[in-house]
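Please read them with the structure open.

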Amino acid sequence: MLAVLSLTASPGHAQNYPNRSDYLWVTVPDHRDWLYQTGEKATVDIQFYLYGMPVDTEITWSLSDDLQAADKTGTLKLKNGRATLNIGTRKTPGFRDLSLVATINGKKSKHHVKVGFSPEQIKPYTQEPADFWEFWQKQVASLKSTPLSYTRERAEEYCTDKIDCDLLKLNVDGQHSVYAYLSYPKNAKAGSCPISICPPGAGIKTIKEPLRHKYYAENGFLRLEMEIHGIDPRLPESTFREIQSAFAAKGNNYLENGLDNRDNYYMRHVYLALVRAVEMMTSLPEWDGKNVTFQGGSQGGALALIGAALCPNTTLTVANHPALSDMAAYAEKGRTGGYPHFNRVNAMLTPEKIKVMAYYDVVNFARHIACPVFMTWGYNDNVCPPTTSYAVWNTLKGEKESLITPVNEHWTSETTEYGHMVWVKNRLK
């Protein structure tokens, strides 16, 4: 398996495969699955090419634990564009990250590759509060005081010859609403369609591609593509940018909003929106009366797992590299925590806020999931690091399957995404 990186990729969202780049890195760990036992030494074969030709040059390297500061550095000469580096080991379960830099004609080309050491032994830092489940049962029960209500109108621009699409505005709790696009087979018969709910990734943004997973509806599903902020997805992109800037430049600071109090945290109504979405979807006459599934990636992967825990009628769940996982782990020196990486924000890892985080952390919901779960994650991910994906995976108690794609950073291929639908379809009741 190869790990490669484009020079032209942006630093925050680097991709492993080159996109119209002159440069190519190839890094091959000496274990095929990139995994080692603690105490076992790992070796990486390094190759570097310009225009497809091997380059003889000196590169710099550094080593660190997953998302931690570098603890070893050095230089390495490539002969015929190639060299081998012994990167050592770890004494504790986790990942080591090898970062590489080549400077050619004054331009830097960067690359990194992570390998794991006994990751099946990774345990989350986050502990479940004694009243965790009681708290969330009360939150779900509070929705009963607000009757189910939503608006629904045809979204002609997203209808095809095979499926229809509607825009919904769903009332969550009388104070908050969320929008979603519902796609479904044309002329769907009553009682014929399983449900698939897709929460969004992080950010304040429109639902850019309501039909990005149109193959769900084409294969007979009622497919719901959600947003979480109650902002009409038909608004201009410029409006979303203005709203985003009102939070902060990065736009995801809603994840910090209200962490001083578990009853006031921003994500409280978002988690409850998942319950309301299931309530709405199971009220549709086309639902087959049996199958309720969640699927999502990153923040959406987190919400898919949380929805599965909060909605006992969930039958299957698919999650890619879930965010919001073991968020407080950074409180312990040397530990790797999950997105949104509160260690990078002043005054976010206080004892009070860490206590609140535990009520919203995916690892604690994972302990309460009863349905089968399919998870996908990569090792080179610096947004939702493999350490926290394993923390979730190792916490799941029920039936589970995984597709591990070591080379992946924070992305999944279209083939993998389609495979998720196939996995769900093959396991419908």
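Among contacts in the protein between residues at least 6 apart in sequence, what percentage join residues at least 24 apart?

1. The answer is 69%. Please keep in mind that this is a predicted model.

2. The protein contains nine helices and 18 strands. Its radius of gyration is 22 Å, close to the 22 Å that the globule rule gives for 429 residues, so the protein is as compact as a globular protein of that length. The C-alpha trace spans about 70 × 50 × 45 Å along the principal axes.

3. Of the 429 residues, 57% count as buried. The protein exposes about 18400 Å², and carbon and sulfur atoms supply 49% of that area.

4. Nine strands form an open sheet with mixed pairing, in the order β10-β11-β12-β14-β13-β15-β16-β17-β18. The edges are β10 (150-154) and β18 (400-404); each has a single partner strand, so one side of each is left without a neighbour in the sheet. On average, neighbouring strands of this sheet are turned by 20° against each other, direction ignored.

5. Within the sheet, β11 (residues 163-171) pairs with β12 (residues 177-185) in the antiparallel sense, over nine bridges. L170 has V178 in β12 as its bridge partner.

6. Two helices that lie across strands deserve a look. Helix α4 (residues 267-281) lies across β10, β11, β12, β13 (193-198), β14 (222-226) and β15 (287-297), and runs at about 155° to β14. Helix α8 (residues 386-393) lies across β17 (373-377) and β18, at about 165° to β17.

Note on methods: Residues are numbered from 1 along each chain as its sequence is written. This is a predicted model: local features need pLDDT of at least 70, side-chain atom pairs count only at pLDDT 80 or more; totals for chains, interfaces and linings use all residues. Side-chain values use heavy atoms; hydrogens and water are left out. Two strands pair if DSSP finds at least two bridges between them. Helices (H or I, at least four residues) and strands (E, at least two) are DSSP runs, numbered from the N terminus. Axes are lines fitted to C-alpha atoms, for helices over the stretch in contact, and angles run from 0 to 180 degrees between N-to-C directions. Contact means heavy atoms within 4.5 Å. The radius of gyration is taken over C-alpha atoms; the globule rule is 2.2 Å times the number of residues to the power 0.38. Buried means under 20% relative accessible area, exposed over 50%, partly exposed in between (1.4 Å probe, protein chains only). Accessible areas come from the Shrake-Rupley method with a 1.4 Å probe; for residues, only the protein chains shown count as cover.
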